[in-house]
Amino acid sequence: RGVEPGMSLAHARALLGDGGEGDGSLAIEEHDPEDDRRTLERLGLWAMRFSPVVATDPPDGLLLDIAGNRRLFGEEHELMERVALACEGLGFRVRAAIADTVGCAWALSRFGRGARSIVASGTEKEAVAPLLVAALRIGTETVDGLFEVGIERISQLFELRREELPARFRGDLLLRLDQALGNAFEAVQPLRYVAPLRREHVFEEPVKLGVALAVSERLLGELTPELVRREEGVRRVEVEWICAQSQPVLQTITLTRASRDLHHLWTLLEPRLDGASLGFGVERVTLWLAETAPIPLQQVESWHGADRERSALYRALGELLDHLLSRLGPTGVRRLETIESHLPEHAFRLRPCRAGEGTHRAGITPLARPSLLFAPPHPIAVDLEGGRPARFRWRGKAFEVARAFGPERIEAPWWRDGAQGRRDYYRIADTGGRWLWLARDGRSPANWFVCGEWA
């Protein structure tokens, strides 16, 4: 539909014909760089099937050392096509290049003419010469400085004397050029695969439910000290019971926050296993921590008691959500999600609170908003003095306005069908000290409403 990377949100909404006020016609998610990093790392671990040395190149690249892989995968072009097709099968668009240097492969994969490129040894200079200078992995400031003096292509850098480059242009221009040509060393930090923590127990003969539960709890208890050593907590636990003459029992619990509390984990897991159909008994129990997350060590005693209380509160909240989700299911617990909208009734929505799901943080208007919104707003009768509310009747009672701030004018999106025009909002305090949010409908100045209250 014409939407491109780097396009502003307003431009994308205009092209897609969406008002952007939470009507559900367009799903908008805030960019989460940390989630991108985790996804790239998972993709890198997956790519280890093609090479034992894989490094991430944030935000969107992978580096694979394929030296010595010919016996397993054939010629270089066959391996490159195999990797690209496998990634495309996962839903990614792929551009790939093979070269003796990281800089040359990086440049060709992102700025080369084709989606697949192979650079023969010793021809790196000829390969990168026609590319834009941005292909050297230099900063935007350096690229702009080169452009100001008429240098757009790498080939133009070769025409300059080497000693002029660091003197005339800041940054690591000369280093990046040498790395692309193989004249400077470049180290990469490969990913390290850490096998998930796993325990298994095989019984001499099938056992009943009580013994299987006791062994499962013991295996879980053996894994929690290892989590402390790694400074990690578990996000997903999986248990498998192999039963005699019956289908295996497989149960999974997913937590909202990483935890290594044995009591909490077993409280969630035991109800899932209790009451399972075991056939003639359980023959083998396997338990593994399928997903973990860092939990930094904390000082037991500190000067800041509030930090300890806050940490304990977050931990208790996470455990409460885990229990509620376990009992009520993924759609039984809902949370408020903010939406970037000036209209108060469109500034939030309820979404299911799922375990392991990140929190969406929309941009909030830095203005005073009531803690309680009325849905729908309550109609009132208002007397004005000097254009501001002075008295009003609400729920059959008369109120005197002691203080009033406003108006704050909010216009409905003109590009949406059925736009409701403008509203003027006032923040008022009555003589009893009650703070209310009043609004006047711009289409009919006599229509006033109480929209919310600061509780």
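The structure is a predicted model, in which local features need pLDDT of at least 70 and side-chain atom pairs count only at pLDDT 80 or more, while totals for chains, interfaces and linings use all residues. Residues are numbered from 1 along each chain as its sequence is written, and side-chain values use heavy atoms, with hydrogens and water left out. The secondary structure of the protein chain comes to 13 helices and 16 strands, where helices (H or I, at least four residues) and strands (E, at least two) are DSSP runs numbered from the N terminus. Of the 455 residues of the chain, 35% count as buried; buried means under 20% relative accessible area, exposed means over 50%, and partly exposed lies in between, with a 1.4 Å probe and protein chains only. Among the contacts in the chain with a separation of 6 or more, 52% are accounted for by residues 24 or more positions apart, a contact being heavy atoms within 4.5 Å.

**Nonpolar cores**

- The largest nonpolar core has 28 residues, and those with the most contacts inside it are Val 237, Trp 241, Leu 269, Leu 273, Val 282, Leu 287 and Leu 289; such a core is a set of buried Ala, Val, Leu, Ile, Met, Phe, Trp, Tyr and Cys residues joined through side-chain atoms within 4.5 Å.
- The elements that give two or more residues to this core are β5 (198-207), α11 (209-230), β6 (232-243), β7 (249-259), α12 (262-273) and β8 (282-294), and α11 gives the most, with seven residues.
- Leaving aside its neighbours within four places in sequence, Val 282 is in contact with Phe 203, Glu 205, Pro 206, Val 207, Ala 212, Trp 241, Ile 242 and Cys 243.

- At least two residues of the lining come from each of α2 (33-46), β1 (54-57), β2 (61-64), α4 (76-89), β3 (96-98) and α5, and α4 gives the most, with six residues.
- The lining residues divide into 29 nonpolar, nine polar and 12 charged, where Ala, Val, Leu, Ile, Met, Phe, Trp, Tyr, Cys and Pro count as nonpolar, Asp, Glu, Lys and Arg as charged, and the others, Gly among them, as polar.

**Ala 105 in helix α5**

- Ala 105 has its place in helix α5 (residues 102-111), and Ala 105 counts as buried because its relative accessibility is 16%.
- Leaving aside its neighbours within four places in sequence, Ala 105 is in contact with Ala 97 and Ala 99.

**Aromatic pairs**

- A search of the whole structure finds nine aromatic pairs; rings of Phe, Tyr and Trp (its six-membered ring) pair if their centres lie within 6.5 Å, and planes under 30 degrees apart count as stacked, over 60 as edge-to-face and the rest as tilted.
- The rings of Trp 46 and Phe 50 have their centres 5.8 Å apart and their planes at 75°, so this pair is edge-to-face.
- Trp 46 is buried, with a relative accessible area of 18%, and Phe 50 is buried as well, at 6%.
- Trp 106 and Phe 111 form a tilted pair, with 6.2 Å from centre to centre and 40° between the planes; Trp 106 is buried at 15%, whereas Phe 111 counts as partly exposed at 30%.

**Backbone details**

- A cis peptide bond with omega of about 5° joins Pro 58 and Pro 59, and Pro 59 lies in the loop between β1 and β2.
- Glu 231 has a positive phi of about 55° although it is not a glycine; Glu 231 is in the loop between α11 and β6.
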